[in-house]
Amino acid sequence: MKAQLLIKNIGMLATACGNAAKSGQEQGEISIQENVWIAVDDGKIAQIGQGEPENMEAEQVIDAQKRLVTAGLVDAHTHLVFGGWRENELALKLHGVPYLDILAQGGGILSTVRSTRAASEEELREKTAAALDEMLALGTTTCEAKSGYGLNLENECKQLRVVQRLNESQPVELVSTFMAAHAVPEEYKNNREAYIDQIINQMLPYVAEHKLAKYCDVFCETGVFSTEESKRILLAAKELGLEAKIHADEIDPIGGSVLAGEISAVSAEHLIVCPPEGIASMAKGGTIACLLPATSFYLGATFAPARDMINAGVPVAVASDFNPGSTPNLSLQLAMNIACFKYRMTPEEVLTAATLNAAAAIGCADKVGTVECGKQADLLIWNAPNLNYIFYRYGNNQVDTVIKKGRIVKSK
Ligand code: IZC
Ligand code: ZN
């Protein structure tokens, strides 16, 4: 066989299997193979074999030196494109001022809205490209990106266009989510109905027509969007062909996870304070729980009931939630470590959560998220001999080599 790339001498290949999200016990049932090689052709995984490859000609050969190989990480929840940062809020946070109070005072998301509106598309593109380059070095090969710092047609589209352009010009594959329902902008403070009407009647139709996003997300939270408002927006989005995601139960359990299941949202995100009826509803509606453990850490909050979700048959994904407020961290590796320790998920369950289940949460599980023949060759070689090791160590970048569509895109 003639291959584009051969990775030989792999100590351990650890991967979830299949093209759909895994739940319950299956979330932890991954394939572990030792002493294997992978042949890549045409950007896809062509063959996986044990021992020494025979009769194999390859344009490029990598010796994995007995280390761990997994699929590239999939970050299913980020607020990737934003102007400015919010380090000025650190002192407030340390004094215990709650996240929603900072927002209610016109800071938080609204402060990032001001910076994002003030930034040009080119400035945002450059800043986001730099973030993606860091994420790639940390092993993220596919990433979701939400708008939600423009809060009007012009600036929401500016964010979505940045994602569209970057998807064509750098290796990390991007999936867009439209999230004008991230906050009510200051100019509509006393007229929230008019803002919701604008989302439904102006922005959503434009975004759908110009194919600027695949998903629509709403911040369903006390003082932000109510469950009723979230439902109206997400049903309107679904009518236009955008699938639903929802920020639910991050701070207060106002019914977001129950709604997620009822409208069969693809995913519900955060779920820090998700009640049992929310878990039951998501299980019934086939909704993926997209958990963001680095956010719990950073907000000093409790941790989502991940084990209850797994036990109830809800597929769990783990994502970074990279954003300038509640989680200015773009390392999915760190989120995976925290998931393991604070959710008490096993390394196998977390690997599935940050690859296959995350890919399912952004509609690309047929293409990425596992190391199987026919899938895209998005692969990581880790500075680690086995899967346990990457959860045992933490805080450093443990990824050595990143391969996207069969090409080496980062190497230490
Ligand atoms: O900018 O604070 N939770 N949205 C909902 C966020 C956090 C991002 C932010
Ligand atoms: Zn978020």
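Start by selecting helices α5 and α6 in this predicted model: Leu-153, Glu-156, Cys-157 and Leu-160 of α5 meet Gln-198, Gln-202, Met-203, Tyr-206 and Val-207 of α6. Contact here means heavy atoms within 4.5 Å. Helices are DSSP runs of H or I with at least four residues, strands are runs of E with at least two, and both are numbered from the N terminus. By class, this contact has six nonpolar, two polar and one charged residues. The classes put Ala, Val, Leu, Ile, Met, Phe, Trp, Tyr, Cys and Pro under nonpolar, Asp, Glu, Lys and Arg under charged, and the others, Gly among them, under polar.

Two notes before you move on. Residues are numbered from 1 along each chain as its sequence is written, while chains are lettered from A and ligands numbered from 1 in the order in which they are written. Local features need pLDDT of at least 70, side-chain atom pairs count only at pLDDT 80 or more, and totals for chains, interfaces and linings use all residues, with side-chain values taken from heavy atoms and hydrogens and water left out.

Now look at how the pair is arranged. The angle between α5 and α6 (residues 192-209) is about 35 degrees, and their axes are 11 Å apart. Axes are lines fitted to C-alpha atoms, for helices over the stretch in contact, and angles run from 0 to 180 degrees between N-to-C directions.

Is Tyr-195 buried or exposed? Its relative accessible area is 0%, so Tyr-195 is buried (buried is under 20% relative accessible area, exposed over 50% and partly exposed in between, with a 1.4 Å probe and protein chains only). Leaving out residues up to four places away in sequence, Tyr-195 touches Leu-151, Ala-180, Ala-183, Val-184, Pro-185, Tyr-188, Met-203 and Phe-225.

Next, select α3 (residues 109-118). Its buried residues are Ile-109, Leu-110, Ser-111, Thr-112, Val-113 and Thr-116, and they pack against α2, α4, α5 and β9.

Then go to the zinc ion (ligand 2). Which residues coordinate the zinc ion? They are His-77, His-79 and His-247, each through NE2, at 2.0 to 2.1 Å. Donors are N, O and S atoms within 2.8 Å of the metal (3.2 Å for Na, K and Ca), and water is not among the atoms, so sites may look incomplete. The donor spacing in sequence is H-x1-H-x167-H. His-77 is buried at 0% relative accessible area, and His-79 is buried at 2%.

Strand β10 (residues 243-248) holds Ile-246, which is buried at 0% relative accessibility. Show Glu-269 too: it lies 23 residues from Ile-246 in sequence, and the C-alpha atoms are 6.0 Å apart.

In strand β11 you will find His-270, with a positive phi of about 80 degrees. Most residues other than glycine have a negative phi.

Finish at α12 (residues 332-342) and α13 (residues 347-354), which pack at about 140 degrees with axes 10 Å apart. That makes α12 oblique to α13; angles under 35 degrees count as roughly parallel, over 145 as roughly antiparallel, 65 to 115 as roughly perpendicular and the rest as oblique.
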